[in-house]
Amino acid sequence: MVNRRIFMRNGAMALFAAGLGGVPSFVARAANNKKIIPPYKKNKTMVCIFQRGAMDGLMAVSPYADPNLKILRPSLYMSPSANEGKMFDLDGRFGLHPGLAAFDPLFREGRLAIVHGVGSPNNSRSHFDAQDYMEAGTPFNKGTASGWLNRAVGLLGHEGTPFRAVSLTSALPRSFYGDNEALAINNLQDFAIQMRGNPMAANIASKSFEQLYDVTSSQLLNKTGKESFDAMKMLNSNDIKNYQPTNGAVYPNSALGNSLKQIATLIKMNIGLEVAFAEVGGWDTHFNQGTANGSLARNLKDFSDSIAAFWKDMDAHQDEVTLMTMTEFGRTAHQNGTGGTDHGRASCLFVLGNDVAGGKVYNNIKSLAIQDLEDGRDLPVTTDFRSVFSAVADSHLKINDDKKLFPEWNGTGLKIMKS
Amino acid sequence: MKLQRMFMCFSAGFVFFVFSAFMQLNNNSKNEKYALHFPYKKMGLTDRQAAAHILSRFTFGAKPNDVDAVVNTGIENWFQQQLDGKLADDDVAQRLASYDALNLSNEKIIATYPRQSEILRLAIKEGIINKDSVNKGNKPEYKQQVKALMDKYGYKAPQELYRQLINQKIIRAAYGNNQLHEVLTDFWFNHFNVSLTKEQCAPFILTYERDAIRPNVLGNFETILEATAKHPAMLEYLDNATSVSNDNDIARKQRNSVAGQRAEQRMDEILNNPNANPLQKQIAAGKKNQGLNENYAREIMELHTLGVDGGYTQKDVTEVARALTGWALNPDLTFAKQVAQKLMSFTTWDKMAKQGFVKEGDFFFAANKHDQNEKIILGKKFSMGGGYYEGMEVIKMLATHPSTAKFICKKLAIRFVSDNPSQELLDNLSKIYLQTKGNIKAVIIAMVNSDEFWGKDALREKIKSPFELAVSSIRATNADVQQPFQVFNWCVKMGQKFYYYQAPTGFPDKASYWINTGALLSRMNFGLAFATQKIPGIKINLAALNNNHEPESIDAALVTYSKILLPERNQDENIKRLSQLIKEEDVEKKIDNAANANVVVNKDTNAEDETIMMNKKEEKAALNKKNAKPITTAYVQGNNSTIAQVAGIIIGSPEFQRR
């Protein structure tokens with residue numbers, strides 16, 4: 001197996017391979033923090049969050065100053081004024097939804113950038129197609145076998161650990177399809193040999209498996225088996241169970257909050273996480289999406305609170321992390337007949353990190369006048385999603401081959417990163 | 001008179017003789033390609049080893065005694081039976097008896113399992129739910145109301161359809177007697193992948209597997225290619241149903257008619273009116289934007305036939321897409337149903353057929369949406385006006401192309417021989433493919449007749465997919481699965497959410513795709529959970545597998561169950577290692593201690609586990625009475641015993657992952 005990494009072959013880690021079961025977590029911690037040689041030490045991590053269902057970018061970050069908006073959305077219009085939703089005024093043109101309150105300080109500190117009018121050049125308004133194209137990173141080719149994040153992993157240019165690419169989902173997302181190893185796991189505590197209610201039996205079974213994988217003649221099974229047991233010991237289940245966020249961070253008790261908390265756990269364990277993926281649903285707001293309150297407001301609050309908690313929790317690790325959100329398309333500029341919005345074209349996304357040139361709403365949006373809308377109904381795509389994705393990946397992960405990251409694309413990265 | 005009759009008899013006899021001789025000759029030459037002679041002895045395998053190997057490739061795993069049965073039937077005879085695929089399947093029929101979706105037509109499926117959004121719309125229309133309260137969504141009373149509404153109309157949730165689809169696959173694979181057909185159905189489905197993740201295609205996947213894949217797995221490649229091309233699932237999944245052109249006489253005539261002009265005008269009005277109904281606007285925009293979609297055209301060449309290096313260009317992709325414009329679903333299956341029915345009242349099918357329209361079951365060729373101009377595909381000229389037959393010609397051309405022969409034979413060899421089949425084998429198979437114009441059966445026979453199939457480099461060389469692992473465990477233990485969906489959940493955990501693979505490539509058939517740290521641990525946990533019966537709805541009788549003989553020690557249990565679960569594999573080294581571990585770790589004593597210790601019920605311990613501990617205690621007490629020697633025999637009692645653990649370890653072991 002070419003392209004598979006040598007995992008923890010140095011002295012400190014050999015300890016784990018030799019010891020059977022229960023490595024004291026303090027040993028693990030000491031080893032993790034001090035003994036691991038580069039490049040594992042202090043690698044950077046890019047965290048991607050996919051908002052499945054197509055977030056209404058025009059309400060999340062609303063061009064409230066455009067007089068057309070109120071006409072298009074008579075009952076969904078919001079602005080910073082107290083009786084119109086009390087948005088956070090970002091720059092006199094765009095308002096931040098009150099549900100995204102947790103983003104406001106991050107934006108003002110210049111760590112959070114917003115890119116508006118983002119989307120795919122392929123005008124498909126099907127969730128499936130648009131997600132597929134965005135995750136494959138090839139908007140006109142469905143047959144691309146790999147996902148863009150998997151290609152990003154391949155372009156890192158150094159060996160990694162089994163935790164290099166982790167998706168907090170039950171199945172591997174399209175973004176992670178491909179030749180480079182990626183782990184899909186809902187709950188980190190599942191990363192162990194388990195026999196419910198019978199830890200002793202689990203322990204014996206675990207040792208038995210370790211012996212068997214050690215002698216198998218199949219190279220792949222032998223090597224991966226070794227890595228699995230090494231990794232399992234690193235990921236001490238007590239450390240995960242008892243994980244305490246630092247810096248007073250409080251994660252919402254939600255699927256996304258939980259995913260981000262586990263990503264934080266992995267980052268702090270310093271076991272080589274470089275690309276992390278999480279997803280959050282509920283954005284397909286065809287019916288009664290509400291304004292300052294309602295379903296979209298609730299989702300936005302969970303979304304921003306989870307991300308803000310993660311950022312707070314990152315604490316001393318903040319320099320290592322950049323977080324980026326994405327959604328397959330935006331929603332119609334008009335409201336529809338059922339108090340919601342239908343499938344549209346462009347939406348907005350958020351990029352958070354200390355390398356980010358934040359505090360700005362990057363956009364090429366003209367106006368919402370009907371002649372400026374795509375097909376007379378949608379916010380047109382004025383920024384290709386690849387120009388944002390590549391900018392973040394290139395700068396944060398030091399990838400420099402956009403041709404491989406996004407085949408068939410000749411654009412350039414958007415300047416949203418400091419370096 | 002007599003003479004005449006004699007002469008007639010004679011001549012008839014003579015004709016018959018000549019005819020039958022000719023037939024025989026014909027049969028012989030035909031038979032040659034379809035005759036089975038497996039060179040396993042030459043390759044150094046015993047009958048039993050050969051039987052175990054062929055079972056590992058063309059079934060979802062050997063059941064207890066399968067090896068003996070195959071040897072007794074004769075390996076070639078057994079394979080011939082599998083090729084014929086006519087064995088009775090009563091067990092499967094019985095297990096599927098309550099699955100009411102499996103025989104439905106597409107039309108009936110759509111009518112029975114509407115999309116969630118349609119139900120919501122209906123609920124609003126019926127005033128059952130207020131459109132302003134929809135988002136208070138998950139409240140029980142809301143759910144109840146929707147349920148009542150669905151009952152009223154006889155609707156069922158799409159999840160139920162998917163559940164039946166998933167479960168039937170597991171049941172057929174685990175209990176079907178025509179295993180070769182099951183394995184090939186799995187193979188071809190993955191080759192022509194469609195996905196439940198795409199809502200438009202999801203309702204048709206059950207019939208796709210049933211009607212387009214399953215009956216065609218051993219026929220001509222062209223047949224299965226055509227069947228998939230025309231099936232609603234594929235037409236939706238790769239968007240060919242939306243790929244249209246108005247570059248034809250019918251559309252031109254329509255456009256220039258008064259009605260056509262009016263329609264055009266109206267569409268523009270809707271689009272330019274800021275106050276127009278958004279749904280109307282969406283439809284109008286959709287109509288305006290429609291045109292060529294190359295997705296299917298690209299994938300039929302790249303993934304289904306020629307392969308990515310098969311020698312086609314982007315120009316060919318566009319040309320194939322043009323040739324397939326108008327290939328669509330029967331309008332009865334789409335939202336255009338009513339419009340289509342209305343239109344039909346103005347005309348007749350005869351008239352439409354004369355214009356070039358074709359309706360074939362659920363497939364529809366819309367002549368008015370077909371690009372009628374000349375095309376050049378892979379160097380061949382298709383003259384103007386070929387209509388429906390042009391697409392058929394393209395399919396034939398692709399199916400019998402030398403690149404397709406190479407591509408398909410390689411994929412088959414990778415699935416059934418090894419991850420790295422030799423060039424020599426591939427060349428030979430491609431030759432057979434081309435000689436037989438793509439006969440899949442002939443290719444498979446040639447493959448099994450080859451030395452390489454039986455060679456050392458092929459034995460145990462393949463890594464089971466999670467589905468293969470799960471089903472082979474069921475088969476190896478004669479397990480009774482009452483809740484197949486639980487098996488699916490484990491497959492997902494192990495990395496194979498089948499029917500949900502999003503990309504048209506299908507799951508990669510590569511060991512390194514299936515084996516990574518997380519997936520491997522899940523496989524081990526699956527083995528343990530499965531054998532100790534922690535998976536709900538699965539019953540196993542491990543003692544019965546050993547004729548209810550109780551092994552004398554853990555060592556003995558290891559040897560015995562290794563043989564049962566992994567027939568014809570050399571397990572000496574594994575057993576040695578584990579025996580050593582058992583000694584070093586003093587496993588028996590630990591189990592003893594645990595049995596003696598006060599039963600501490602921890603939070604996670606469920607009632608079932610408690611019973612185990614109690615059983616152990618009782619067993620031990622009983623043993624101590626009978627026997628002064630303090631051996632721990634937790635094995636006997638049920639499956640939550642040491643035996644179950646041993647079986648679990650074997651199923652999670654590396655050897656069991658191989659086939």
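**Entry 1**

Helices here are DSSP runs of H or I with at least four residues, strands are runs of E with at least two, and both are numbered from the N terminus. The axes are lines fitted to C-alpha atoms, for helices over the stretch in contact, and the angles run from 0 to 180 degrees between N-to-C directions.

I then noted which residues meet: A297(B), R298(B), I300(B) and M301(B) from α17(B), and D316(B), V317(B), V320(B) and A321(B) from α18(B). Two residues are in contact if their C-beta atoms, placed from the backbone, lie within 7 Å. The residues of this contact of α17(B) with α18(B) divide into six nonpolar, no polar and two charged, where Ala, Val, Leu, Ile, Met, Phe, Trp, Tyr, Cys and Pro count as nonpolar, Asp, Glu, Lys and Arg as charged, and the others, Gly among them, as polar.

**Entry 2: what kind of model this is**

I reminded myself that this is a predicted model, in which local features need pLDDT of at least 70 and side-chain atom pairs count only at pLDDT 80 or more, while totals for chains, interfaces and linings use all residues. Residues are numbered from 1 along each chain as its sequence is written, and chains are lettered from A and ligands numbered from 1 in the order in which they are written.

**Entry 3: the two chains**

For chain A I recorded 14 helices and twelve strands, and for chain B 36 helices and seven strands. Buried residues make up 58% of the 419 residues in chain A and 45% of the 659 residues in chain B; a residue is buried if 20 or more other C-beta atoms lie within 10 Å of its own, exposed if 12 or fewer, and partly exposed in between, with C-beta atoms placed from the backbone. Among contacts between residues at least 6 apart in sequence, those joining residues at least 24 apart come to 73% in chain A and 75% in chain B.

**Entry 4: where the chains touch**

How many residues does each chain bring to the contact? I found 61 residues from chain A and 66 residues from chain B. On the side of chain A that touches chain B, α6 (127–136), β7 (183–184), α8 (199–215) and α9 (219–234) each supply at least two residues, and α8(A) gives the most, with eleven residues. That side of chain A divides into 27 nonpolar, 24 polar and ten charged residues.

I followed α9(A) across to helix α29 (residues 517–531) of chain B, and the two pack at an angle of about 90 degrees with their axes 9 Å apart, which makes α9(A) roughly perpendicular to α29(B). The contact is made by T224(A), G225(A), E227(A), S228(A), A231(A) and M232(A) of α9(A), together with T517(B), L520(B) and L521(B) of α29(B).

N525(B) also lies in helix α29 of chain B, and I noted it as buried because 24 other C-beta atoms lie within 10 Å. Not counting residues up to four places away in sequence, N525(B) touches I193(A) and Q194(A).

**Entry 5: helix α6 of chain A**

I came back to α6(A), where eight of the ten residues are buried, so this helix is largely enclosed by the rest of the structure. What covers its buried residues includes α7 (148–154), β9 (321–327) and α13 (385–397) of chain A. Just after α6(A), G137(A) takes a positive phi of about 80 degrees.

**Entry 6: the core, and a loop residue**

The largest nonpolar core has 283 residues, and those with the most contacts inside it are V115(A), V443(B) and M447(B). Such a core is a set of buried Ala, Val, Leu, Ile, Met, Phe, Trp, Tyr and Cys residues joined through C-beta atoms within 7 Å. Its largest share, ten residues, comes from helix α12 (residues 295–314) of chain A.

Last, I checked L102(B), found in the loop between α5 (90–95) and α6 (106–112) of chain B. L102(B) counts as partly exposed, with 15 C-beta neighbours inside 10 Å.

How values were computed. Angles under 35 degrees count as roughly parallel, over 145 as roughly antiparallel, 65 to 115 as roughly perpendicular and the rest as oblique.
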